[in-house]
Amino acid sequence: NIIYIILELYSRIGGMHYALKSSAPAEVAAAVDVNTTANEIYKHNFPNTPLLPKTIEGMMLQDFDKLNFDVILMSPPCQPFTRIGLQGDVADPRTKSFLYILELLPRDALLKTLREFDYSFQEFLISPTSLGIPNSRLRYFLIARRPPGSFSFPTSAEVLFFCWQIIEGFPMSESLNSLAVPHSHPTSSECERDKTGTIIFKLETEQELERKRIQDSQETTSGSVSAAPPKTLLRYPLLMDVVQPSSRRSVCFTKGYGHYVEGTGSVLQSCVDVELEGVFKSSELLSEEDKLKQLSQLKLRYFTPRQIVSLMGFPADFTFPKHISIKQQYRVLGNNLNVHVVSHLIRLLISK
């Protein structure tokens, strides 16, 4: 069997490494990341993998050559390109390392570079909900193979934007104690179908995006990482995305989870005997004291980092070092990817 030698850039807390372990016979020659906290967590879980705590742009071409790798796995910062962010694109300093990687090829943009050197490549927009995982985290992915290699499937010039078939026996991570992980297709409310009947994902509406922009201005809590605090219940009840243990969805968790309200992740309704809509409707005309009592019936709480890790597909043996605070755990998880999605893409990348 071929053992692939991997260079892992922007290694963060090891999501790509875990995806690799479940998809291909491979060895990580080196992992590279500049984030001190993420590196501590990575080293805690992969103590035998060489970890280079340095900027990518600080590496010379000969440094890359010495690693003698077959495959690069990387997840560059997405913030410069998101619709909710400052939209700085390549002018954002956080793109510096990625542009440097492209400069090591010719000085040009990614797709043009790949085309110039006759790489076979395919772009994707994929969310974990396509694998039956109840968490929306729509992300852009690209896989590319150097000639004379080619993929085992016909490529398309379009960005593929679809739901995968659920694979029987797909190794889901352990079920969350407080959230059911279904082994079924997303419901029709979570997906749309195109004219051919293929399931595609709904994009967020402009109204939803605008609400997130407006909300991103107030702190909600400085310490609580469990129950939603009274201040949040009183000021932002309609901005919270509330899910129940039986829900088949949750919104994308970001590094602001537990710090901001809307657009940073769902909160869990622990008391399912109370009807959610009725509580919100009847609380509108109440005094603050009575409103707080009414909303407190729902027993809303934040997801724990362990539960978010499970939704992202990390295995049960993934752990945080004991000295990493809850706030730090939320922050590093907010910049992560879903292990199961990447694992499928790696299989596509190396399949003959």
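Rings of Phe, Tyr and Trp (its six-membered ring) pair if their centres lie within 6.5 Å; planes under 30 degrees apart count as stacked, over 60 as edge-to-face and the rest as tilted. This is a predicted model, where local features need pLDDT of at least 70, side-chain atom pairs count only at pLDDT 80 or more, and totals for chains, interfaces and linings use all residues. Residues are numbered from 1 along each chain as its sequence is written, and side-chain values use heavy atoms, with hydrogens and water left out.

**Exercise 1.** Classify the ring pair Y18 and F314, and say where each residue sits.

*Solution.* Start with the count: there are eleven aromatic pairs in the structure. For Y18 and F314, the ring centres are 5.6 Å apart and the planes meet at 70°, so call this one edge-to-face. Next, place the residues, with helices (H or I, at least four residues) and strands (E, at least two) taken as DSSP runs numbered from the N terminus. Y18 belongs to helix α1 (residues 15-21), while F314 is in the loop between α10 (305-311) and α11 (326-334), so the pair links parts of the chain 296 residues apart. Both Y18 and F314 are buried (under 20% relative accessible area; exposed is over 50%, partly exposed in between, with a 1.4 Å probe and protein chains only). Finally, zoom out: Y18 and F314 share one aromatic cluster with Y42, F46, F318 and F320.

**Exercise 2.** Work out the strand order of the four-stranded open sheet and find its edges.

*Solution.* Two strands pair if DSSP finds at least two bridges between them. The order is β3-β2-β1-β4, with parallel pairing. Now look at one pairing: β2 (residues 26-32) runs parallel to β3 over two bridges, and V32 stands opposite L52 in β3.
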